[in-house]
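Trainee: Could we go through this structure together, slowly, one step at a time?
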Amino acid sequence: MADLKALAEQIVGLTLLEAQELKTILKDEYGIEPAAGGAVMMAGPAGDAGGAAEEEKTEFDVILKAAGDKKINVIKEVRGITGLGLKEAKELVEAGGKAVKEGVSKDEAEEIKKKLEAAGAEVEVK
């Protein structure tokens, strides 16, 4: 039980950027995605339903590929979009290849992409 309590304390102490990275690791490596209420839920095996879901994709991820020449402007935009602190936004921008926003509508993803590209970043919507 002491180990579980220590793990819980570590999770509660995560920064927003660390929590985002934990979410990505759980999703990519273990197939675990957070439910709408914030609880963790196991993803089912991908079958025919997975193919149908891709055709009617309603949620998109905005990935920051590179900051470009105007890194400070990109950091400011990332802060405005995500609500991250200066340090976390700077780390996200410098890391490159990280998701700025996940699970957003197509319109919102395109709007975020335009803002980041206007600031000088290279962005991809998946």
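Mentor: What follows is a set of questions and answers on this predicted model.

Trainee: Which elements of the chain have the lowest and the highest mean pLDDT?
Mentor: For the chain as a whole the mean pLDDT is 78, and 81% of the residues reach 70 or more. Among the elements, the lowest mean, 46, belongs to strand 2 (residues 40-42), while the highest, 88, is that of helix 6 (residues 106-118). Over residues 37-49 the pLDDT is below 50, although this stretch has 10 contacts in the model beyond near neighbours in sequence. Where pLDDT is low, predicted coordinates should not be read in detail, and the two elements you asked for are strand 2 and helix 6.

Trainee: Which strands stand at the edges of the open sheet?
Mentor: Three strands form this sheet in the order 4-3-5, with antiparallel pairing. Strand 3 (residues 60-66) pairs with strand 5 over four bridges, and within strand 5 the bridge partner of L64 is V123. Each edge strand has a single partner, so one of its sides is left without a neighbour in the sheet, and these strands are strand 4 (98-104) and strand 5 (122-125).

Trainee: Is G83 buried or exposed?
Mentor: G83 lies in the loop between helix 4 (71-82) and helix 5 (86-95), and, leaving aside its neighbours within four places in sequence, G83 is in contact with L16 and V78. Exposed means a relative accessible area over 50%. For G83 the value is 54%, so this residue is exposed.

Trainee: How many Å apart in space are G83 and L16, C-alpha to C-alpha?
Mentor: In sequence, G83 and L16 are 67 residues apart. In space, however, the distance between them, taken from C-alpha to C-alpha, is 9.3 Å.

Definitions and conventions:
Residues are numbered from 1 along each chain as its sequence is written. This is a predicted model: local features need pLDDT of at least 70, side-chain atom pairs count only at pLDDT 80 or more; totals for chains, interfaces and linings use all residues. Side-chain values use heavy atoms; hydrogens and water are left out. Buried means under 20% relative accessible area, exposed over 50%, partly exposed in between (1.4 Å probe, protein chains only). Contact means heavy atoms within 4.5 Å. pLDDT is the predictor's confidence in each residue, from 0 to 100. Two strands pair if DSSP finds at least two bridges between them.
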